[in-house]
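The sequence and structure are shown first.

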Amino acid sequence: MTTRTSTNTSTNTTPVKAPRLEFAKSAPKAFRALIAFDAAAREGLDPALVELIQIRASHLNHCAYCLHMHTNDARKAGESEDRLHMVAVWREARHFFTEREQAALALTEAVTLVADAGVPDDVYAEAAAQFDERELAQVLALIFTINTWNRVALSTGKVAGTDER
């Protein structure tokens with residue numbers, strides 16, 4: 001990634017990314033298809049669970065743009081600061097999350113990091129025990145979409161805090 005450093009009047013330096021294409025404008029059909037897939041994936045899922053999944057995948061993918069967007073969306077939906085701070089370390093703070101949320105977070109990690117170890121049978125089984133077949137399919141679809149959004153944001157150089165929605 002090409003970055004240059006811009007110094008503002010304070011002592012902080014802010015990386016400035018070289019301009020990249022705007023995916024929505026350059027590939028509008030693909031962008032609309034992704035939006036439709038994302039909307040379909042969310043259907044019937046608890047909005048709090050949706051945001052937790054999106055936040056965790058964005059952590060793992062180092063996508064600051066999506067992380068900023070989804071933590072803000074979660075706050076607007078009433079999510080507590082305590083839980084938002086614990087998503088990255090949910091295994092050490094299980095008492096902040098329901099068993100369903102823990103199963104979804106574990107599945108999110110496995111699918112997001114699928115190249116590392118696949119999706120372990122025990123992780124899948126726990127998710128299958130917490131969600132009926134339709135819900136599990138929706139959770140998986142949501143994990144697929146956020147991973148795609150993360151890749152779009154990262155490859156096109158989206159900057160955290162510049163959400164255009």
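Predicted model: local features only at pLDDT ≥ 70, side-chain atom pairs only at ≥ 80, totals over all residues.

## Helix 3 and helix 9

Helix 3 and helix 9 cross in a right-handed sense. Two packed helices are described by the angle between their axes and the distance between the axes. For helix 3 and helix 9, the packing angle is about 45 degrees, and the axes lie 9 Å apart.

The contact between them involves L49, V50, I53, Q54, A57 and S58 on the side of helix 3. Their counterparts in helix 9 are V139, L142, I143, I146, N147 and N150.

## Length and end of helix 2

Helix 2 comprises 15 residues, 28-42. At 1.5 Å a residue, helix 2 should span 21 Å, and this agrees with its end C-alpha atoms, which are 21 Å apart. After helix 2 comes G44, which has a positive phi, near 80 degrees.

Three residues of helix 2 are buried, namely L34, D38 and A41. They lie on the same side of helix 2, because the arc they cover around the axis is only 65 degrees. Among the elements that cover these buried residues are helix 3 (47-60) and helix 9 (133-155).

The face of helix 2 turned away from the buried side bears K29 and R32, both of which are exposed.

Conventions
Residues numbered from 1 in each chain as written. Heavy atoms only, no water. Helix = DSSP H or I, 4+ residues; strand = E, 2+ residues; numbered from the N terminus. Expected span 1.5 Å × (residues − 1). Buried < 20%, exposed > 50% of the residue type's maximum accessible area, 1.4 Å probe, protein only. Arc of directions from axis to C-beta. Contact = heavy atoms within 4.5 Å. Axes fitted to C-alpha atoms, helices over the stretch in contact; angles between N-to-C directions. Left-handed = near helix turned anticlockwise from the far one by under 90°.
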